[in-house]
Structure formats: C-alpha cells, structure tokens
Amino acid sequence: MIDAVALRARLADVRSRIERAAGRVGRDPASIRLIAVSKTFPADYVRALADAGQIDFGENKVQEALHKIGQLSDRPLRWHLLGHLQSNKAKKAGRFDVVHSIDSAGLIEKLDEAVYAAGRQLDMLVQVDLAGEATKHGAREEELPAIFAAARTARAVRAVGLMLLPPAVDDPNSARPFFRALRDVRERLLARDVDASMLNELSMGMSHDFEVAVEEGATLVRVGTALFGSRT
C-alpha cells in the first residue's frame, strides 16, 4: 500500500534541503532540477509523486523505464535515463527526454540516428569518469573533445552538459572534490571553445550527497532513496 502522505512529505523535505543548500552559496533554487529516481518502484509511486507536482523521473534500466513510461503516458512527465546505455539499446532509448550516460562519439551517432528516425528530439549529458573506477562507465577527460565534436554534428540529439558518478563515500563532504573537479572540467572545455550551450547542466549528487552537490554547482540532482524510501 502506497503511503502518499509520506511520499509528499519526503518530497517537500528534499525540496527544502535543496533550497537551503542553494541559499548557503547564493544560488537561485529554481536553477536546480530534482530528478526522482524511481528505479525498482512501481508506476503507482511515480504517479503519487506526480500528483504532488514532481515532473522529472529517472530510471537506470531501459526496459523497466519503458514499462513505466507506457503506464504513465497520460502524465506530462520528463523521463531521464541515468544508467549505462549500450549501443544496441539506442533505438529504445529514444523514448526518453534526457540521457545522462553518454560516454562515446559512437554512442552519440547511434542515438542520434534512432531519435532522428523517430522524429523526436532528445537532450543528453556526457558522463565523465574522474575516479577511474573499473565498475563504472564514463569518458576520460581527454576523450571529451571528440565526443562534443560528434555532438555538434548531431541532428536530433543535443548535448546540454556533464554527468558524474563519484566514488561511494560515507561522508558526503568526501564527494565534494569530485563535484569541484567536474566543474573544473567544464571550465577547461569552455576554454577549448566547446559551445557554452552544450555545457549548461551539471548532473551530480544523489540522496546522500545532493546538498554538497548543490553547493558545488549541480543543476540536476538525482534523488531516489530520500524520496521513495529504501529499496528491497
């Protein structure tokens, strides 16, 4: 049984925490978008948060997301793919509004082809690997110029920023150097004449560290457990 009252309360709490974090560094809270990460939770949970005014929802797996997108087609929601995208899933990923996990020029080409054929438009973020963890995906900084060069020639997909998955840490402040490093990567790309419109967004911060991410410039925070509760 869904406790809609508890969901609304958690949503209000997360939004309040975003506002306070933004206020601490003089940022406008309206410049930060909350993505509710609904992976493993059924569509009814998404609908309950949508009823409370939440628009952006994130999923890690394409197939699970497509099922929910179909169930919630009556709602004007914005769907974000957060997990790694295999090139053979590019066609299905065209159903999303935003893909956060682009990590190669070849993936851009496949995704662009699929989205263009479907007559749609899609925003994408380039996932950056700053820790070199073998278990995580992402492009190294030296690979980014070629990725953004591919994005410039795309017809239906548009690069809008960078995404980061820092190492898992107990202390949220331990993630702060990685958030700052992503901001520095953006500055170096701007210095290399990557168009500023392709670097507007910084997708970083999850349930345990989104306040630190907001303090360091996040424009998209991906929050699951703090909204939906613990996953089984």
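Predicted model: local features only at pLDDT ≥ 70, side-chain atom pairs only at ≥ 80, totals over all residues.

Biologist: Why is Asp 193 called exposed?

Modeller: Its relative accessibility is 67%, and exposed means over 50%, so Asp 193 counts as exposed. Asp 193 lies in the loop between helix 7 (176-191) and strand 7 (201-203). Its phi is near 70 degrees, a positive value in a residue other than glycine.

Biologist: And what makes Phe 41 buried?

Modeller: The cut-off for buried is under 20% relative accessible area; Phe 41 has 9%, so it is buried.

Biologist: Why is the pair of Phe 41 and Tyr 45 called tilted?

Modeller: The ring centres are 5.2 Å apart, and the limit for a pair is within 6.5 Å, so they pair. The planes stand at 55 degrees; under 30 would be stacked and over 60 edge-to-face, so tilted is the label. Phe 41 and Tyr 45 also form one aromatic cluster with Phe 228.

Biologist: What about Phe 57 and Trp 79, which kind of pair do they form?

Modeller: A tilted one, with 5.9 Å centre to centre and 40 degrees between the planes. Phe 57 sits in strand 2 (residues 56-59) and Trp 79 in strand 3 (residues 78-81), 22 residues apart. Both are buried.

Biologist: How do you know that Arg 155 lies over the face of Tyr 116?

Modeller: Arg 155 is at 3.9 Å from the ring centre, and the distance limit is within 6 Å. There is also an angle limit, within 35 degrees of the ring normal.

How values were computed: Residues numbered from 1 in each chain as written. Heavy atoms only, no water. Helix = DSSP H or I, 4+ residues; strand = E, 2+ residues; numbered from the N terminus. Buried < 20%, exposed > 50% of the residue type's maximum accessible area, 1.4 Å probe, protein only. Phe/Tyr/Trp six-rings, centres within 6.5 Å; stacked < 30°, edge-to-face > 60°.
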